[in-house]
Amino acid sequence: MAELVVIGLNHRTAPVEVRERVALPPDLLAGAIQAVRADPALEEALILSTCNRTELYAVLRAGCDPLEYFLALVGRVKGAAVGADRACFYRHDGPAAARHLFRVAASLDSQIVGEHQILGQVKDAYRLAVAARTTGFLLNKLMHWAFRVGKRVQTETDLSRGPAGIAPAAAELAGQIFESLAGKTVLLVGAGRTAEAAARALLARGAVRLIVANRTLYRAQQLAYDLVHGPAPEDEGENEEPPGIARGAPAAGGAAVAGGAAVGGPAAADLRGPARSDRASPAGTGAEGATAAAEAIALEDVPRALPRADLVISSTGSPEPVLTYDGLADGLRRRERPVFIVDIAVPRDVDERLGGLENVFLYNIDDLDRLVARNLERRRQEIPRAEAIVEDELARFAEWLASLQVAPTIRLLNEFLQSLRQAHLERYGRQFADADLERLRRFTETLCSRILARPTEFLRSLTQEGGTGETLRTVQLVRRLFGLDEPR
Amino acid sequence: MAQALVVGNWLLPLLYLALLIDYGATFFLRARTHARSPWLWLVAGVHAAVLALRGIHYGHPPAHAQEVLSGVALAMAAVYAAVEIAGRDRRSGVFVMLLVFLLQYTSSILLAGWPHEVHAEAAASAWGRLHVVPALVAYTAFGFACVYGLLYLAARRGLRHHRFGVLFDRLPPLDLLGRMTWHALVVGFVFMTLTIATGPAVAASGREAAGHLASNPKVLMKMVTGGVAWVIYAAAMVGRLAAKWPPQRIAAVAVAGYAVVVALLVASALLP
């Protein structure tokens, strides 16, 4: 495994200003991997680039310095030399490189341990490399092994369980009350950033109707449009996103909604459209492919809108409660369905007495903080289990790789022929006189040596002439041909 | 045969206790939460074999309260095993297994040393068998309604008091638990109605007069149990459909109703 190497930097070894210089956004990544293909310095290669890490996994040819090669490659692709401190980079060789990849795939090396997205990003990087035909026998095997490690960690531990941000925590709480958010209505009161993220998380889980209330109706309309037609949720930095994703509000749509507002009154803007075209709903929600509709209202209209809402997220800057007990208690008492209210504002927007009503599930920012802290602590406790899975799989991978080394294969081949020879001598030896038996022994010994001479010479020549991938593939073929891995 | 039945009678609670410990480990240690285990099917198979042997030996299916409890335990275990395969999640198993273990343990205690007299003539008849099957299904469904009702009430209490403890995110969502409770109640009610409807036919097919059966305190107690269960769950049906009772009230009725039913079944078993 001496030629397998990973070189790169991540959030622990390099500040963001260095990471962004080295990062390869999706459009440049494809060019970089194509450049690798055309270059004979690397036998196999794969580039992983997220906002928290940029790494080159490679099987090197002799004489290649991977760090200099990689910096030159990035400079070539970006059209300018990368002025990055070499000390920000790490390099792992052989088993350490495999361990590093397994930890990355298991999300043990992520900024927020256990985040979901990294395994998908590793798969995307692999897909790109396969399409460019820069992977070979060793990297193909290694990457599939890494996917298995990631999957095992996700299913056998709670490392990825429970959200680590306020917005997804609100969505998780909603998921504890409602089996599915499909068909549910979200009322967003105020336009705080976290509340917006929470609304996005709920929409992503299948909620299909959105009512946005704000002191300024125009802002409510703008936000309603953004939430339905806007860019993908940020997930409060929990996930490692590809670098270079632009964010912003669609100006044309906003103007259309503003036109609706000009006529005054609660402007019910028909904003049906592909709300989550880039955001697949979680499996089993039944909301796959559903579209969302949004409506903007003034803050005074909240009591009238509340009976229609199943989930309320409030985040205004009001010094007084916006959802008051006197104004809403009677309506909520008559309600048959539960209503989930998240009050993210400080000072609080929702009168806490409303939480005492039969069908009201009221949470404030402290509750969400406690939930996030609990999840992070639980993830921390799961790290040893996840590390054990990584080590277990690494041992298996190393065992598999060791089995494909030339020297042990030659030894096994020799042992195989000797055991065959011995078995036949024992079986037929009784038919010979002692003197003849001795001659037969010498004869079979010479025969075995002659038979082995050519394959041995060929296998040894592979280590000098062939590439790593070719050697491993050939050794595997020889072992399968003679059944060397089968128990005897 | 009698020896084998004695061994089987004590083996079953031990096996369910082992399963309870196994599921408890899954719930508390979060180990093998999605693993498929053949042990539950194996134990259910042993249980079915013991009941079958009992039926062959005494010449009738489970008819006495003691046997019915064991039959309900088996039905619950089998239904849960199917649910576990469908849901690929064994985290709620500990609650079902606790109930299954308690039912089987109660049954085994009551059956130990109990002189089995074939005084349930109705059980020996074809009508009797018809009568027992829907009763078993009804009591099993009520058992499930009780378990899911308990889970609903516990989850609701935790969510309303903002407790992110052991139960939080280990249980299905609140509205799903409420729906499962309701569906189990509906199934139980339908089968209990069927049981009661076939009751007169059982009495008519017996060798003795219906009046004599009614004077038998054991039979009378079973009739009372079925009647009380029917009234309790009918109230829940009417409450939900006509008066729009909230899920928490339905869950409370499911739990309280099953407690009454089990108490009456145990009481009928203790009668001479």
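A:E438 is partly exposed at 36% relative accessibility, a class that lies between buried (under 20% relative accessible area) and exposed (over 50%), computed with a 1.4 Å probe on protein chains only. The model is predicted, so local features need pLDDT of at least 70 and side-chain atom pairs count only at pLDDT 80 or more, while totals for chains, interfaces and linings use all residues. Residues are numbered from 1 along each chain as its sequence is written, chains are lettered from A and ligands numbered from 1 in the order in which they are written, and side-chain values use heavy atoms, without hydrogens and water.

- A:E438 forms a salt bridge with A:R441, with 3.8 Å between the closest N and O atoms; the term means a side-chain nitrogen of Lys or Arg within 4 Å of a carboxyl oxygen of Asp or Glu.
- A:R441 and A:E438 are three residues apart in helix α15 (residues 434-465) of chain A, and therefore about one helical turn separates them.
- Helices here are DSSP runs of H or I with at least four residues, numbered from the N terminus.
- A:E438 also forms a salt bridge with A:R442, again with closest N and O atoms 3.8 Å apart.
- A:E438 and A:R442 are four residues apart in α15, about one turn of the helix.
- A:R441 is partly exposed at 35% relative accessibility, and A:R442 is partly exposed at 48%.
- An α-helix has 3.6 residues a turn, so residues three or four places apart point the same way.

**Salt bridges elsewhere**

- A:R200 and A:E196 meet in a salt bridge at 3.1 Å, N to O.
- These two residues are four apart in helix α8 (residues 193-204) of chain A, about one helical turn.
- A:R200 is buried at 8% relative accessibility, and A:E196 is buried at 16%.
- A network of salt bridges links A:R12, A:R53, A:E55, A:R103, A:D109 and A:E387.
- Over all chains, the count is 32 salt bridges.

**Helix α13(A)**

- Helix α13 (residues 365-403) of chain A has 39 residues and spans 55 Å from first to last C-alpha, close to the expected 57 Å; the expected span is 1.5 Å times one less than the number of residues.
- α13(A) bends by about 35 degrees at A:I383, and the proline A:P384 follows within four residues; the bend is the angle between axes fitted to the seven residues ending there and the seven starting there.
- At the start of α13(A), a side-chain oxygen of A:N364 comes to within 3.0 Å of the backbone nitrogen of A:D366.

Terms used
A polar contact is a pair of N or O atoms within 3.5 Å; within protein, one must be able to donate a hydrogen and the other to accept it, and residues adjacent in sequence count only if both atoms are side-chain atoms.
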